[in-house]
Amino acid sequence: MGERETDEPVAGGGLLHRRAFLTAGAVAASTGAAHASIGAGSPPWMTTMTGPGPGYGLPSHWAAETKRVFQALPGRPGTGASRTPHQALEGTITPAGLHFERHHNGVPDIDPAKHELVIHGLVRRPLVFTLDNLMRYPMVSRIRYVECSGNSGGFIAKDAPQGTAGQLNGLLSCSDWTGVKLSTLLDEAGVDPKADWVLAEGADAAGMSRSVPLWKCMDDAVIALFQNGEAIRPEQGYPMRLLLPGYEGNANVKWLRRLKVTAGPTYAKDETSKYTDLLPDGRARIFSLDLGVKSFITKPSFGMTMRGAGVYEIAGLAWTGAGRVARVDVSADGGKSWAEAALDGERLSKSLTRFRLPWRWDGGPAVLLSRAHDETRAVQPTRDAWLAQFGPGQGYHYNAIQAWAVGSDGNVRSVHV
Amino acid sequence: MSERPFSGHPGESRDPGFFRSVVRVAKTWVPASAGMTGMVAIPLLALAAAPPSPGLGRPATPAEIAAVDISIPPSGAGLPAGSGSAVQGAAIFSEKCQSCHGAAGAGGPMDRLTGGVGSLATPTPVKTVASYWPYATTVFDYIRRAMPLTAPQSLTDDETYALTAYLLSVDGIVAKDAVLDAASLPKVAMPNRGGFVDVSPKKPR
């Protein structure tokens, strides 16, 4: 091995070996004193009988400040986004109520009894499916992330944007989605060999629609009906949404009402005017559905205050639209040296992966970076390299390395490196 | 390019059969092995067989499809009857659109729709309908399905043709007195028609 697994640093800035926490010994000690009644020194929740929780459980009121950050656009009623507060969350599954949302004319209130999914176009038998009918189909469950391609777009600004991990990267969430494989329904309709694309359309007041390559629809696309085990939430597309693992969020059409099988793309408004990526020569990438490899650090992060020198855990999220995360490197000296982080839990394809690394902070200024690699050997680019690919103001598909600067006062802010 | 298997409706071409796995048969051509000449067809059984489907899709009637098939591709297929002029569109625009999109679509508070033609490769690119959108059919499609934001799907087909004509007339893409309909709209040459690079994901091999 040759690698040190002690608490000796393995890279600059005090980064420790990723298994240092695991190999450290633990000592427990306890003392007790005799009392006539042990309740005298107990907190009230140990000495008071209480009742059951509500029919639908809620977070503790002590944790009630953990909410999505809603950002309405001034003068733009009905359009906007709310972001997942990653700085307050752990693990990889996003609670349904904290899943990010982006809508283009509000969240519709759809009566499931009056909602139908129509599949037509280049098919032998155009078909209509009700929610009740879909409930009888064989289903699949997949833990998959959804990310808006505008996520983290604030980092293209000349000055580093100051905000929490959720404000800056919260157009990203991960759920256990359950539903019917789209290939099952397309097979039932009988796809014409001339077909190559599918137009997916929502039943929202924007009639949001996107063109998707047919092969993706036949591959791992799902008509999702459940999110983390319960009916999909209105903000995520109740009663049904299209799930296209690894594709930009906008194409995962919510409130899905229609799939038109076509020979070519439809060139809908949201795949031409929006969600296209301006290049330096004035042309633009279109149908850039794939999302890249990416990571960011959730702790420490903006809004947190480090309470003095000592050992901390650096933790964050990594993912890739190409499949699995292979490795995450962390730097505590602004990128001069790197250490490999531990990847916690199972590494699922097109899902979020949690990374962790012990860090002995010496109390001085430090710049923390994370850099993800995926199984296709793709690596997160630097911000400069990312910016050089695109024209001015182009912020879709931002996946560059991000940095937090920790000050000697313990405050954390965003910096460009 | 290999031919995609054409799978029929379970009720028509195969017996889905409870508890019996249905396998899809794909045909592929493989090079002949030594001692054989030419090519030989080998049927391959898909290993990831689909489970039996209940086949509950109800046939959609032509009327049901027509009621929801509102998307308009670049060919113009599906464009409705009717027409509208840029002159009519100017009046509708000032009444229903200007408060969000500014005079003549110059923008504010919502998206700027006009101007900016030729700016995309400059340090200050301006993306508008005129400067950026590749197809006029998209303008018709989007206005008809989603505009105005406060009353989507309230415009008539004639009003939608008129608004499309007006917006495109501001930058001279169509004439100031242009009339658009199902025949003329798909023929409009948008300035940035050739400005896109298709990077659509390809099926992994």
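# Reading a predicted two-chain model

Trainee: What makes strand 20 and strand 24 of chain A a pair?

Mentor: Strand 20 (residues 325-331) and strand 24 (residues 366-374) of chain A run antiparallel and share 6 bridges. At least two bridges are needed for strands to pair, so these two qualify. One place to look is V325(A), whose bridge partner in strand 24 of chain A is D374(A). Keep in mind that this is a predicted model.

Trainee: Which sheet holds them, and why is it called open?

Mentor: The strands of chain A follow the order 21-20-24-25-26 in an open sheet of 5 strands, paired antiparallel. Strand 21 (339-340) and strand 26 (412-415) of chain A each have a single partner strand, so each keeps one side without a neighbour in the sheet.

Trainee: Where do strands of the two chains come together in one sheet?

Mentor: Look at the open sheet with the order 16(A)-17(A)-6(B), which has 3 strands and mixed pairing. Its edges are strand 16 (277-278) of chain A and strand 6 (196-198) of chain B, each pairing on one side only. Strand 17 of chain A and strand 6 of chain B are parallel, with 3 bridges between them, and A284(A) stands opposite F196(B). A pair needs at least two bridges, so this one counts even though it crosses from chain to chain.

Trainee: What joins strand 7 of chain A to strand 3 of chain B?

Mentor: There are 2 bridges, and the strands run antiparallel. The threshold is at least two, so this also counts as a pair. L127(A) has P59(B) as its bridge partner.

Trainee: How many residues of each chain are in contact with the other?

Mentor: On chain A 60 residues are in contact, and on chain B 51. Helix 4 of chain A contributes the most to chain A's side, with 5 residues. That side is made up of 25 nonpolar, 19 polar and 16 charged residues.

Trainee: Why is helix 4 of chain A described as largely enclosed?

Mentor: Of its 8 residues, 7 are buried, so the rest of the structure largely encloses helix 4 of chain A. The buried ones are L182(A), T184(A), L185(A), L186(A), D187(A), E188(A) and A189(A). To be called buried, a residue must have 20 or more other C-beta atoms within 10 Å of its own, so each of those seven reaches that count.

Trainee: Is strand 10 of chain A enclosed or open, and what makes it so?

Mentor: In strand 10 of chain A, 6 of the 6 residues are buried, so it is largely enclosed by the rest of the structure. W197(A), L199(A) and E201(A) point one way, while V198(A), A200(A) and G202(A) point the other, and all are buried. In a regular strand, side chains alternate between the two faces of the sheet.

Trainee: Which strands pair with strand 10 of chain A?

Mentor: Strand 11 of chain A pairs with it over 5 bridges, and strand 15 of chain A over 6 bridges. The sense is antiparallel with strand 11 and antiparallel with strand 15. A200(A) has R210(A) of strand 11 as its bridge partner, and W197(A) stands opposite T262(A) of strand 15. Strands 10 and 11 of chain A form a hairpin with 6 residues between them, and in the turn G207(A) has a positive phi of about 50 degrees.

Trainee: How do you know that the length of helix 7 of chain B agrees with its residue count?

Mentor: At 1.5 Å a residue, its 14 residues should span 20 Å, and the end C-alpha atoms are 20 Å apart, so the two agree. Helix 7 of chain B is also mostly covered, with 11 of its 14 residues buried. Its cover includes helix 3 (86-96) and helix 6 (136-146) of chain B.

Trainee: Which residues touch the most other members of the largest nonpolar core?

Mentor: They are I119(A), V198(A), I223(A) and A165(B), in a core of 89 residues. Helix 7 of chain B supplies the largest share, 8 residues.

Key:
Residues are numbered from 1 along each chain as its sequence is written. Chains are lettered from A and ligands numbered from 1 in the order in which they are written. This is a predicted model: local features need pLDDT of at least 70, side-chain atom pairs count only at pLDDT 80 or more; totals for chains, interfaces and linings use all residues. Two residues are in contact if their C-beta atoms, placed from the backbone, lie within 7 Å. Helices (H or I, at least four residues) and strands (E, at least two) are DSSP runs, numbered from the N terminus. Ala, Val, Leu, Ile, Met, Phe, Trp, Tyr, Cys and Pro count as nonpolar, Asp, Glu, Lys and Arg as charged, and the others, Gly among them, as polar. A nonpolar core is a set of buried Ala, Val, Leu, Ile, Met, Phe, Trp, Tyr and Cys residues joined through C-beta atoms within 7 Å. A residue is buried if 20 or more other C-beta atoms lie within 10 Å of its own, exposed if 12 or fewer, and partly exposed in between; C-beta atoms are placed from the backbone. The expected span of a helix is 1.5 Å times one less than its number of residues.
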